[in-house]
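This briefing covers one protein model, from its overall make-up down to single side chains. Please look over the sequence and the structure first.

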Amino acid sequence: MNLSRALSAALAAAFLAGCASPYRAPGVEPERAAVRPPPVKPAPPPAEQRPETHTVKRGDTLYSIALDNGLDYRDLAAWNNVADPAVIGTGQVLRMRPPQPSAQPEAGVQVQPVSVPGSVEARPLADPRAGAEAPRASGDLLKTGPKAMKLPYSEENLAMLQRQAPLPLKFEPTPPPPGSVEDPDRVDWIWPASGRILAGFSEATNKGVDILGKIGDPVYASASGRVVYSGTGLRGFGKLVIIKHNQTYLSAYAHNSNIFVKEGQNVARGQKIAEIGNTDSPQAKLHFEIRRLGKPVDPLKFLPERPS
């Protein structure tokens, strides 16, 4: 009877010891690790095509520099601390891009490289509010969070860890809408005036098209946008209106007799903004320009065909 009781006690002790000691497969050592998919790098922003600086030459004005670079002259003045847009000096170097803010690292983000060749590893970040100290090396153990195992590399172990790990986020580019073109800042243009064309575009002699009209004929906004200039500050343009449509395109309307919009005003496509005149011109006409990133382009390649 004593022998039977002793055997029962020994079996019970062995059973309890087995429950208290978790099974470890050969070659498996306790370590914290799991799968962390490689970080997905966002696509770099498109390269800025505008020059970083411009050295003021004789005859330059802040208005003409802004027009030639597709900018709002008020932005250009603010970037360069110019108090009076009418006063800039020959040889002065102007910043042509907004000042870049200093980059700050994102709070709570840590990059921990995998130090063991052939292993796949991921380390959950400690909650910064909990005050837990981040590991200083890839072999350090965090004092918080669930423990994991570090397995030798094999097809079976990799498949097992991938099944247990959360699915990585997938960043897929959004397909362009049907009918879109390569230019993301595409503008739907209309004719700004109804007269016939007096002179077409020429890179050397005419930066836009000249449209015949009578003094007082309406001038319409060729596309929706914001008025960035309204006045007579550019020599040779007379009474001028400039509309910025997006980060790429602006349009200019010169030689007006009257102007009905103010700087900073939003206008709709087809809205009457001025009347044809002959200011700084020997005859009544509208000089119309389209500029892409400040560079004049042929408006006839953007405007719709007129009905015959």
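In what sense do S10 and S12 pair, and over how many bridges? S10 and S12 pair in the antiparallel sense over three bridges; strands count as paired if DSSP finds at least two bridges between them.

The model is predicted: local features need pLDDT of at least 70, side-chain atom pairs count only at pLDDT 80 or more, and totals for chains, interfaces and linings use all residues. Residues are numbered from 1 along each chain as its sequence is written, and side-chain values use heavy atoms, with hydrogens and water left out.

**Overall make-up**

- The protein has four helices and 14 strands; these are DSSP runs numbered from the N terminus, with helices (H or I) of at least four residues and strands (E) of at least two.
- Of its 308 residues, 34% count as buried. Buried means under 20% relative accessible area, exposed means over 50%, and partly exposed lies in between (1.4 Å probe, protein chains only).
- Among contacts with a separation of 6 or more, 64% are between residues 24 or more positions apart; a contact means heavy atoms within 4.5 Å.

**Strand S12**

- S12 spans residues 272-276 and is largely enclosed by the rest of the structure, because four of its five residues are buried.
- S7 also pairs with S12 in the antiparallel sense, over three bridges.
- Ala274 in S12 stands opposite Val219, and it also stands opposite Ile259.

**Strand S13**

- S13 is mostly covered, with seven of its eight residues buried.
- S6 (residues 209-212) runs antiparallel to S13 and is joined to it by four bridges. Here Leu212 stands opposite Lys285.
- S10 and S13 are antiparallel and joined by six bridges. Glu289 in S13 is the bridge partner of Ala252.
- S14 (residues 295-297) pairs with S13 in the antiparallel sense over three bridges. Arg291 stands opposite Pro296 in S14.
- The hairpin of S13 and S14 has two residues between the strands, and Leu293 in this hairpin takes a positive phi near 55°.

**Aromatic pairs and a charge over a ring**

- A search of the whole structure finds six aromatic pairs. Rings of Phe, Tyr and Trp (its six-membered ring) pair if their centres lie within 6.5 Å; planes under 30 degrees apart count as stacked, over 60 as edge-to-face and the rest as tilted.
- One of the pairs is Trp189 with Tyr249, which is edge-to-face at 6.0 Å centre to centre, with 80° between the planes. The pair links distant parts of the chain, 60 residues apart: Trp189 is in the loop between H4 (155-164) and S5 (197-199), and Tyr249 is in S10 (residues 249-259).
- Trp189 counts as buried, because its relative accessibility is 6%. Tyr249 also counts as buried, because its relative accessibility is 5%.
- Tyr253 and Phe288 form a tilted pair, because their ring centres are 5.2 Å apart and their planes are at 50°. This pair also links distant parts of the chain, with Tyr253 in S10 and Phe288 in S13 (residues 285-292), 35 residues apart.
- Tyr253 is buried at a relative accessible area of 0%, and Phe288 is buried at 0% as well.
- One aromatic cluster is formed by Tyr63, Tyr73 and Tyr229.
- Arg306 lies over the face of Trp191, at 3.8 Å from the ring centre. The criterion is NZ of Lys or CZ of Arg within 6 Å of the ring centre and within 35 degrees of the ring normal.

**His287**

- His287 is in S13 and counts as buried, because its relative accessibility is 7%.
- The side chains of His287 and Glu289 are joined by a polar contact of 2.8 Å. A polar contact is a pair of N or O atoms within 3.5 Å; within protein, one must be able to donate a hydrogen and the other to accept it, and residues adjacent in sequence count only if both atoms are side-chain atoms.
- Not counting residues up to four places away in sequence, His287 touches residues including Asn206, Asp210, Phe237 and Tyr253.

**Ser224**

- Ser224 lies in the loop between S7 (218-220) and S8 (225-231), and counts as partly exposed, because its relative accessibility is 41%.
- The side chain of Ser224 reaches the backbone nitrogen of Arg269 at 2.9 Å.
- Leaving aside neighbours within four places in sequence, Ser224 is in contact with His245, Val267, Ala268 and Arg269.
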